[in-house]
Amino acid sequence: MVISGGRANQPGSSGKVVKCAMHTRDLTIIGGGPTGLAAAFRAGMHEISARIIDTASQLGGQVMALYPEKKIYDVFGLPEIGGKELVHNLVKQALQFGAEVRLGESVHGLRFADDEQRIDVITDQGSYPTRSVLLAGGLGLITPRKHDAEGCDQLEGRGVYYSVRDPELFRGKKVVIVGGGDSALDWALHLRPIAARVTLVHRSPDFAGHASTLREVQQLADYGQIGLYTSTLLTAAHGNGHLEAVTLRNSQGVEHRLEAQALLPMIGFHVNLGPMERWGLEFEEKKIVVNSRMETSLPGVFAAGDIVTYPGKIKLIATGFAEAAIAVKSAVEYLRPGEKVTLKYSSVAGLPKTTQQLAAAVN
Ligand SMILES: Cc1cc2nc3c(=O)[nH]c(=O)nc-3n(C[C@H](O)[C@H](O)[C@H](O)COP(=O)(O)OP(=O)(O)OC[C@H]3O[C@@H](n4cnc5c(N)ncnc54)[C@H](O)[C@@H]3O)c2cc1C
């Protein structure tokens, strides 16, 4: 899918789909999560052309895939913001300079031209010429772990869901959530006022989520406002075309059937760095090694965000933003050898050009 920048006004929106020839971009950003979006903005500030490629069908990375409805409290300057709202703002800020966005495409490889002036980014759908690359692939490809209980496969999307896109879908329904981590606990609390009934089922007596969230869930369970089954397994999902009930089995092997119109197995994710591990980059514990300029071991290839490692690295949205700014400046220095690349404050210099002028210049 190809979309032109500056038109995606909704979180993760694909905007207006347009045909677009494969122009050589100054920077191709692999990954449209918070780091990739921050990098697209910084590219615009440095007046270089950019392209984002993401395998997901929407921008926003982990935030949109894993916790779009959660509140985030540690993005500085935003004391409290919903995941979806943060992505909406990032997309608006990032695409104002006309960055090209390609969604639903997985990057499989990089091909370096002999003169080192060009890199081709190879996806499952094409080849994109670029002069430099920023790897912002985060955890890699993220897919929810599927539940193997009987009936879950057949009823997926028809009562069995692995993520919550719209909480309203659960209004007035009897919802069973399976899992013992933050996602399961948070969604139990979040859906309780919306659903007719929320039941949390966990295979162990111990939970892995935050202590305060767990306390809240336990208090609500004590008052009968959340159903809570520990040391209990989900063994089957039943329904004729749509989920109608689930079967649970306790540690004594006793089974019972519970009416349910929605089942949310929240039992973790598979993350897969995919082909990046075969690109000749230096890796340490499945993370790309970078130096303080966010350079990788390959010329013209930079990396930032959750995908990188260096001494003291922490995985936060805020650190991804900072690393994106450093990586893009390093990329500009790579693109303009011998030139002094100055960092202009936006509050002093303003935005470099209007959206329309830059968009026209890169397309
Ligand atoms: C449940 C949860 C809650 C969190 N809460 C917070 C919080 O409150 N505050 C905070 O600061 N951080 C939080 N984090 C961490 C935060 O989400 C990450 O630090 C941040 O998303 C990293 O951004 P990124 O852009 O580097 O990577 P990601 O968000 O992982 O984005 C990477 C993107 O790259 C794409 N991609 C990967 N490989 C390829 C490929 N080969 N081809 C094409 N596309 C590819 C992926 O599809 C993905 O969209 C949380 C994480 C989780 C899981």
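Colleague: Which three strands form the open sheet whose pairing is mixed, and in what order?

Modeller: In this predicted model, the open sheet with mixed pairing has the order S20-S21-S23.

Colleague: Why are strand S20 (283–284) and strand S23 (308–309) called edge strands?

Modeller: Each of the two, S20 and S23, pairs on one side only.

Colleague: What is the order of the three strands in the open sheet whose pairing is antiparallel?

Modeller: The order there is S7-S8-S9. Strand S7 (107–112) and strand S9 (127–130) are its edge strands, each pairing on one side only. Neighbouring strands of this sheet are turned against each other by 25° on average, direction ignored.

Colleague: What makes S7 and S8 a pair, and how many bridges join them?

Modeller: Five bridges join S7 to S8, and the two strands run antiparallel; pairing needs at least two, so S7 and S8 qualify. Within this pairing, Arg111 has Asp120 in S8 as its bridge partner. The two strands form a hairpin with six residues between them, and Glu116 in the turn has a positive phi of about 60°.

Colleague: How many bridges join strand S8 (residues 119–123) to S9?

Modeller: There are four, and S8 and S9 run antiparallel. Ile119 stands opposite Thr130 in S9, and a hairpin joins S8 to S9 through three residues.

Colleague: Turning to the helices, why is H1 described as roughly parallel to H3?

Modeller: Helix H1 (residues 34–45) and helix H3 (residues 83–94) pack at an angle of about 30°, with their axes 8 Å apart. Angles under 35 degrees count as roughly parallel, and H1 is therefore roughly parallel to H3. The crossing of H1 past H3 is left-handed.

Colleague: Which residues make the contact of H1 and H3?

Modeller: H1 contributes Pro34, Leu37, Ala40 and Phe41, while H3 contributes Leu90, Val91, Gln93 and Ala94. Seven residues of this contact are nonpolar, one is polar and none is charged.

Colleague: Why are H4 and H5 called oblique to each other?

Modeller: Helix H4 (residues 182–191) and helix H5 (residues 211–222) pack at an angle of about 45°, with their axes 10 Å apart. Roughly parallel applies to angles under 35 degrees and roughly perpendicular to 65 to 115; the angle of H4 and H5 is therefore oblique. Their crossing is left-handed.

Colleague: Which residues of H4 meet which residues of H5?

Modeller: Asp182, Leu185, Asp186, Ala188 and Leu189 in H4 meet Thr213, Leu214, Glu216 and Val217 in H5. This contact of H4 with H5 divides into five nonpolar, one polar and three charged residues.

Colleague: Which residues come nearest to the ligand?

Modeller: Of the 34 residues around the ligand, the nearest are Gly31, Gly33, Gly61, Gly138 and Gly305. The elements giving two or more residues to this shell are H1, strand S3 (50–54), helix H2 (61–66) and helix H6 (317–335). H2 gives the most, with four residues.

Colleague: How do the residues of the shell around the ligand divide into nonpolar, polar and charged?

Modeller: The shell has 15 nonpolar, 15 polar and four charged residues.

Key
Residues are numbered from 1 along each chain as its sequence is written. This is a predicted model: local features need pLDDT of at least 70, side-chain atom pairs count only at pLDDT 80 or more; totals for chains, interfaces and linings use all residues. Axes are lines fitted to C-alpha atoms, for helices over the stretch in contact, and angles run from 0 to 180 degrees between N-to-C directions. Angles under 35 degrees count as roughly parallel, over 145 as roughly antiparallel, 65 to 115 as roughly perpendicular and the rest as oblique. A crossing is left-handed if the near helix is turned anticlockwise from the far one by less than a right angle, and right-handed if clockwise. Two residues are in contact if their C-beta atoms, placed from the backbone, lie within 7 Å. Ala, Val, Leu, Ile, Met, Phe, Trp, Tyr, Cys and Pro count as nonpolar, Asp, Glu, Lys and Arg as charged, and the others, Gly among them, as polar. A residue is near a molecule or strand if its C-beta atom, placed from the backbone, lies within 6 Å of it.
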